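I'd like to walk you through a new model today, so let's get it up on the screen.

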Amino acid sequence: MDKELENIKHVINGDYIVIPIETGYIKPNENLDSIILPAKELMKEKDYLVIAETPISVSQGRLVDESKYNPSLTAKFLTVVWSKYLWGYVLGPLLKIKKRTIKNLRKLPKQTEAHKEVVLQLYGLKHALKPASEAGIDLSNAPGTCVSLLPENPEKVAKDIKKEIGKDICVMIIDTDATYMKNGKYFTALPIAIDGIDADNGIFGYVKGQLSQNMGSTPLGCSEKIDVETALKIANIAEDYQKSLSTEMKTIHSVKAVLGFEIDKVTIEDLDSITHTPAMIIRKR
């Protein structure tokens, strides 16, 4: 196996080999050939192909221009009073959420008001009450004032990709937003997740999650019936690799560090100027 991987970029993570699939920026309404073709060539039977949710969403054209939304009084309240001050200075420290999240909440930019309005209109108050990463909407990997929503029917997408690759593999689409566990039951604040993870809990899942065990990234859809423990394990191996990348843009604040621009100034050309790793092959050693 080591001989086979001599000329292929890879890392070892415990009992697994991670083979990244590197691409340019997958553009709106563009096909996923830049992921599927190398996967088809490199994958072996029983491998996992783990794909981040944003390139799937963007390829589906699921972009929303937040500049076209006028913030309501509710959106303004949720941004300034609820998220910035109540969560940034009271509830966040009390529930011991990540220090990075607290820091980011305390410096929420004014355009977050339009973002809250998008969440309110598309997903409702239950998700808008979540102080950050509401409904899995991604602000950091979309051009200008656009954001990407979660993929439409990720399970079907995963099955379609598997069919195109034509091998006995497992395709999984994941989101970095957390799955939690309490009393042996799995749940997430996200609107969707694989069977076995209770989804669409919004703020209720988020608050309960702070008092539960964080299990890492959330599998949104899978080409196979898979137990939650295995799905989470594979998802987190992929996420570990993503975190090691210098081009990771997990938050709006990391966009400027990577690209050198404020988030609302970023173009598709800027996004295409760096190497993206939208997918990884995970192989048992």
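**A walk through the model**

I'll start with D195, which has a relative accessible area of 53% and counts as exposed; exposed means over 50%, buried means under 20%, and partly exposed is in between, with a 1.4 Å probe and protein chains only. This is a predicted model: local features need pLDDT of at least 70, side-chain atom pairs count only at pLDDT 80 or more, and totals for chains, interfaces and linings use all residues. Residues are numbered from 1 along each chain as its sequence is written, and side-chain values use heavy atoms, with hydrogens and water left out.

What does D195 meet in a salt bridge? Its partner is K225, at 2.9 Å from N to O; a salt bridge here is a side-chain nitrogen of Lys or Arg within 4 Å of a carboxyl oxygen of Asp or Glu. This pair links distant parts of the chain, 30 residues apart: D195 is in the loop between β7 (185-188) and β8 (197-198), and K225 is in the loop between β9 and α9. The element names come from DSSP runs numbered from the N terminus, with helices being H or I of at least four residues and strands being E of at least two. K225 is exposed, at 72%. In general, side chains of opposite charge can pair when their charged atoms come close.

There are 11 salt bridges in the structure, and I picked out a couple of others. One joins D47 and R283, 2.9 Å from N to O. D47 sits in the loop between α1 (33-42) and β3, while R283 is in strand β10, so this bridge ties together parts that are 236 residues apart in sequence. Buried or exposed, what is D47? D47 is buried, at 2%, and R283 is buried too, at 4%.

Another bridge brings K162 and E224 together, 2.7 Å from N to O. K162 is in helix α7 (residues 154-165) and E224 is in the loop between β9 and α9, so parts 62 residues apart in sequence are tied together. K162 counts as buried, at 19%, whereas E224 is partly exposed, at 28%.

Now the inside. The largest nonpolar core has 26 residues, and Y48, V50, M172, I226, I234 and I282 touch the most other members; a core like this is a set of buried Ala, Val, Leu, Ile, Met, Phe, Trp, Tyr and Cys residues joined through side-chain atoms within 4.5 Å. Among the elements that give two or more residues to this core are β2 (16-23), β3 (48-52) and β10 (276-284). Which element gives the largest share? That is α9, with 8 residues.

Over to the surface. F77, V80, V81, Y85, L86, Y89 and V90 form a nonpolar patch with about 600 Å² of accessible area together. Patch residues have over 30% relative accessible area and no salt bridge, with like charges joined within 9 Å and nonpolar side chains (Val, Leu, Ile, Met, Phe, Trp, Tyr) within 5 Å; areas come from the Shrake-Rupley method with a 1.4 Å probe, and for residues only the protein chains shown count as cover. F77 lies in helix α3 (residues 73-95) and is partly exposed, at 44%.

How many aromatic pairs does the whole structure hold? The search finds 4, where rings of Phe, Tyr and Trp (its six-membered ring) pair if their centres lie within 6.5 Å, with planes under 30 degrees apart counted as stacked, over 60 as edge-to-face and the rest as tilted. Y85 and Y89 make a stacked pair, 5.8 Å centre to centre with 20° between the planes. They are 4 residues apart in helix α3, which means about one helical turn separates them. Y85 is partly exposed, at 43%, and Y89 is partly exposed, at 44%. Elsewhere, ring pairs link W82, W87 and Y206 into a cluster.

Rings also turn up with charges. The charged end of K208 sits over the ring of F187, 4.5 Å from its centre, and K284 does this over Y16, at 5.5 Å; the test is NZ of Lys or CZ of Arg within 6 Å of the ring centre and within 35 degrees of the ring normal.

Last stop, the backbone. A135 has a phi near 55°, a positive value in a residue other than glycine, and A135 is buried, at 2%. D200 has a positive phi too, near 65°, and D200 is partly exposed, at 35%.
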